[in-house]
Amino acid sequence: MVIKSIRCKTLLTKSRLPEVDYCINPYIGCLHGCVYCYARFMRRFAKHTERWGDFLDVKINAPEVLEKELSRHPKRGIVLLGSVTDAYQPVERKYKITRSVLQVLLKHNFPVSILTKSDLVVRDMDVLKQLKDCEVGLTITTLDGGVASDFEPRTNSPQERIDALKALHSAGIKTYAFIGPILPGFTNLKAIFSELNGRVDFVMAEVLNTRCGNREDIKKIIGEKYTELLPLYNDGFSKEYWAQIEREAKALSAKFSIPLKGFYYH
């Protein structure tokens, strides 16, 4: 894996994603190595020859750049930390770029939304609790540690993420789970909703997208370890298939009284 320090010229970018106005990516690339990752398209902009998941650029001047940008008084809006990277990369323990960015956002009173697969976010609870408007989400695709290690090889375990949600929620911070992508044959929605009960304020879910260059990587894992699911993945997933999954998610949302804030298709 290749890790480099770089200096960025801009940091705050306008977002096309639902629910948020801006995005901040403190890093370029992602070392979590998730097999299904949609953000791999960023590789062509990153000037790296390594595979997606094997390189990371650290924007060492990100807090200073953000301070200058916010001093120009842009329109206040929700800032998502981590749209094409995870803001809590393992090297965040050393560099603390995300923590410094949060402190700048706190100073300028910007609302913050975080989505991560790392329980390192718990480290920053002291800053998060000071934000007037903040939500923290952790991605949960499966509760099976073995499946998670196959598809998300360098992330925290599902249980560690659940524990992080519990700690954040208990501290009075708004929390949510992002069930995405839903991996057919692996993602047990009923078990996940049951485990999330009392630990999140809402849930969002997203269907699996296999049109971003990840299809062969996914099928390779299934072909090696989960051959019984090969026919399902070879046939693909119809709109009706996903519509049935959405109906199941809505029913579980009602059963456990956990709002389903969004169910996203591609």
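Q: How many nonpolar, polar and charged residues does the lining of the largest cavity have?
A: The lining has two nonpolar, one polar and two charged residues. Here Ala, Val, Leu, Ile, Met, Phe, Trp, Tyr, Cys and Pro count as nonpolar, Asp, Glu, Lys and Arg as charged, and the others, Gly among them, as polar. The model is a predicted one, in which local features need pLDDT of at least 70 and side-chain atom pairs count only at pLDDT 80 or more, while totals for chains, interfaces and linings use all residues. Residues are numbered from 1 along each chain as its sequence is written, and side-chain values use heavy atoms, with hydrogens and water left out.

Q: Which residues line the largest cavity, then?
A: The lining consists of Thr210, Arg215, Ile218, Lys219 and Tyr233. A cavity is a set of points on a 1 Å grid over the protein atoms alone where a 1.4 Å probe fits but cannot get out, and a lining residue has an atom within 4 Å of a point.

Q: Where does the largest share of that lining come from?
A: Helix 8 (residues 215–225) supplies the largest share, with three residues. Helices (H or I, at least four residues) and strands (E, at least two) are DSSP runs, numbered from the N terminus.

Q: And what volume does the largest cavity have?
A: Its volume is about 30 Å³, taken as the space filled by probe spheres set on the grid points, which are joined across faces, edges and corners. The model has one cavity of 30 Å³ or more.

Q: What about pockets: what is the volume of the second largest pocket?
A: The second largest pocket has a volume of about 350 Å³. Among the 14 residues that line this pocket, Val35, Arg40, Arg51, Trp52 and Asp217 are the closest to its centre. A pocket is an open set with protein on both sides within 12 Å along at least five of seven lines.

Q: How do the residues of that pocket's lining divide?
A: They divide into eight charged, four nonpolar and two polar residues. Helix 8 gives the most to this lining, namely three residues.

Q: Changing topic, how many aromatic pairs are there?
A: The count is 13 aromatic pairs. Rings of Phe, Tyr and Trp (its six-membered ring) pair if their centres lie within 6.5 Å; planes under 30 degrees apart count as stacked, over 60 as edge-to-face and the rest as tilted.

Q: Why is the pair of Tyr233 and Phe237 put in its class?
A: The two ring centres are 5.2 Å apart and the planes stand at 90 degrees, so the pair of Tyr233 and Phe237 is edge-to-face. Phe237 also pairs with Tyr241, and that pair is tilted, with 5.4 Å from centre to centre and 40 degrees between the planes.

Q: Are Tyr233 and Phe237 buried or exposed?
A: Tyr233 and Phe237 are both buried, whereas Tyr241 counts as partly exposed because its relative accessibility is 27%. Buried means under 20% relative accessible area, exposed over 50%, and partly exposed in between (1.4 Å probe, protein chains only).

Q: Which residues do ring pairs link into a cluster?
A: The cluster holds Phe151, Phe186, Tyr226, Tyr233, Phe237, Tyr241 and Trp242. Tyr233 is also one of the residues that line the largest cavity.

Q: On to the backbone: what joins Gly180 and Pro181?
A: Gly180 and Pro181 are joined by a cis peptide bond, with omega at about -5 degrees. Pro181 belongs to strand 9 (residues 174–182). Thr175 is also in strand 9, and Thr175 counts as buried because its relative accessibility is 0%.

Q: What is the phi of His73, which is not a glycine?
A: His73 has a positive phi of about 60 degrees. This residue lies in the loop between helix 1 (62–70) and strand 6 (79–81), and His73 counts as exposed because its relative accessibility is 67%.

Q: And what is phi of Ser257 near?
A: Phi of Ser257 is near 55 degrees, a positive value in a residue other than glycine. Ser257 is in the loop between helix 10 (239–256) and strand 11 (260–264). With a relative accessible area of 62%, Ser257 is exposed.

Q: Last one: where is the place of Lys132?
A: Lys132 is in the loop between helix 4 (125–128) and strand 8 (134–139). Lys132 counts as exposed because its relative accessibility is 73%. From Lys132 to Thr210 there are 78 residues in sequence and 38 Å in space, C-alpha to C-alpha.
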